[in-house]
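The sequence and coordinates are shown below for reference.

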Amino acid sequence: MALSTDRFLADLDALRRIGTYKSGVHRPTFGPEDMESRHWLVAAMQAAGLEASIDGIGNVFGRHPGPGPHLLAGSHIETQNQAGWLDGVLGVVGALELARAGLPVDVCAYADEEAHWGDFIGSRSLIGELSEEDIDAARNRYTGAALRPTLEAVGLAGRPRLLLDPARYKGALEMHIEQGTQLENAALRIGVVTGIVGIRQFRIVITGQQDHTGGTTMRERRDAGLTAVRLLGLLDREMPRAAAERSVWTTGRIALEPNAPMIIPGRAEIVFSFRDLSEAVMDRMEACLRAVVQESNRQERCPAVLEEISRSAPALSDPAIVGAFQGAAEALCPGAWQAMPSGAIHDSQILARKLPVGMLFVPSIGGISHHWTEDTRREDLALGMEVLHGAAQRFLAA
Ligand SMILES: [Zn+2]
C-alpha cells in the first residue's frame, strides 16, 4: 500500500489517450469521450478497492469502505473544449492514488466544473444546493441543448444524486495546476493555496443618443461610446487606491449599439468584474466603482447606470490543512514552495460551504491553461503527488 508516483503518472497518461486533441484533450461534459473517461474512472476506483458509482448529475464517486476519519479528495475530469490534459484530471488521479496508498480517502470527480452546462452543477448537487428545477433549466452554453434529456441520453436519468455527509469527513483536498505564472516566475515548485478569491461582476449601461456621424455637431452629440471610454479610464486610475496587492479587475466586455462605423453609439454596455481574497478589499473596490460611476454622471451628458450581475464570496482554506500542506512541502522541497491565493475558481470553493478545504498547486509551464498546450514538468507532477500524500497523512494525524 505504498504511494507510487509512477502509477499516478501512468494514469494521467491513460486519461490523456481518451479524447486526445493534439497534445491536449477534448472532453466536454457528457460527450462520448467524457463518458468514457467517467467509466474508466469507475473501473480504476473499483480496482483501488473503493465502492464506485456515477450519480444522477454525473459525479463519479469512490467511497472508501474502511473506518474513518475520512478525507474527501478530488477535482474534475471533463475539460474545456480542445484544452489541456491536466486541468482537473490531476486532482482526480491524485486523490485516487491517495486511496491506493492506503489512506482513508473518498475520491470524487465533481461533474462539469468547466461549466459546459451551468455553474458547478456537480459540487453544488453534492452539497444539496442544486434543485431539480435548476437541472430542468440548465442548457449547454455552446449548443443550447437541454441538460435533462442529455442526462437521459448518457444513461444517468433516474439515478439518485449523492449528498455529502459532512460528518464523515475531516476535510477536503484538491490538487490542481496553477493556471498562472507565479510559481514558474519565482522558480518554485509547489503552491499552498490560502484561499480562493471571491468575484463580483457588474454591468454598466450608458445611454446616449444614436445619430448621424456627419450631420451631428460635436456640441450636440451624446456619444455613449466616448462616455464609456472616459469612465473606464477614470476607473483604472482610481482602482489601485482601493485595491490590495493581489486584487485584479477586468473589463471583459464592451458592447456598443449599434456598433456601426458611421453611427454615433446610442448605448454602451460594459461588463466589469474584480477579484480578491478579502471581502473588506472587495467592499472598497465596489465603493470605488460606485464613486466612479457617480463622478461620470456628474461630468457626462450620457447617464451611466450600474447593476450587479453576480457575486461570490472568497473561500479561505482551512488553517490546519494549510499547515499540513506547508509542513509536507517544506519536508519534500525545502524553500521551493510558497503560500498563495487562487485567482481561479474551483470546486473546493463550493465544498468550503460544508467542509474545511485546502488546495495544492503545481506550476503550469508558461502559465498556459484552457489550451491544448497546457503542461507541467513530470517531476513537478510527481512532487505534487508526494506533497499531497504527505499533507493528507499529516492532516489525518493532527
Ligand atoms: Zn480545473
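## Largest pocket

Domain bounds come from an automatic or database domain assignment. The model is predicted: local features need pLDDT of at least 70, side-chain atom pairs count only at pLDDT 80 or more, and totals for chains, interfaces and linings use all residues. Residues are numbered from 1 along each chain as its sequence is written, and side-chain values use heavy atoms, with hydrogens and water left out.

The space in this largest pocket is about 800 Å³. A pocket is defined on a 1 Å grid over the protein atoms alone, as an open set of points where a 1.4 Å probe fits, with protein on both sides within 12 Å along at least five of seven lines; lining residues have an atom within 4 Å of a point. Grid points are joined across faces, edges and corners, and a volume is the space filled by probe spheres set on the points. The largest pocket has 32 lining residues, and those closest to its centre are Asp119, Phe120, Ile199, Ile345 and Gln349. Two or more lining residues come from each of strand E9 (198–207), strand E13 (267–276), strand E14 (304–312) and helix H11 (347–351), and E14 provides the largest share, 3 residues. Helices (H or I, at least four residues) and strands (E, at least two) are DSSP runs, numbered from the N terminus. By class, the lining has 10 nonpolar, 13 polar and 9 charged residues. Here Ala, Val, Leu, Ile, Met, Phe, Trp, Tyr, Cys and Pro count as nonpolar, Asp, Glu, Lys and Arg as charged, and the others, Gly among them, as polar.

## Second largest pocket

The second largest pocket holds about 360 Å³ of space. Of its 15 lining residues, Gln179, Arg246, Ser342, Gly343 and Ala344 lie nearest the centre. Strand E16 (residues 337–342) gives the most to this lining, with 3 residues. The lining of the second largest pocket comprises 6 nonpolar, 6 polar and 3 charged residues, and at least three residues come from each of domain 1 and domain 2.

## Domain arrangement

The C-alpha centres of domain 1 and domain 2 are 36 Å apart. Contact (heavy atoms within 4.5 Å) joins 12 residues of domain 1 to 10 residues of domain 2.

## Nonpolar cores

A nonpolar core is a set of buried Ala, Val, Leu, Ile, Met, Phe, Trp, Tyr and Cys residues joined through side-chain atoms within 4.5 Å; buried means under 20% relative accessible area, with a 1.4 Å probe and protein chains only. The largest such core has 67 residues, of which Phe8, Leu12, Leu147, Ile190, Phe325 and Leu381 touch the most other members. Helix H12 (residues 378–397) supplies the largest share of this core, 10 residues. Apart from this core lies another, of 26 residues, including Phe202, Ile204, Leu234 and Leu306.

## Selected buried residues

Gly74, in strand E5 (residues 70–75), is buried, with a relative accessible area of 0%. Leaving aside neighbours within four places in sequence, Gly74 is in contact with Gly91, Val92, Ala95, Cys108, Tyr110, Leu173 and Glu174.

Thr150 belongs to helix H6 (residues 147–153) and is buried, at a relative accessible area of 16%. Not counting residues up to four places away in sequence, Thr150 touches Phe30 and Trp117.

Notes: Buried means under 20% relative accessible area, exposed over 50%, partly exposed in between (1.4 Å probe, protein chains only).
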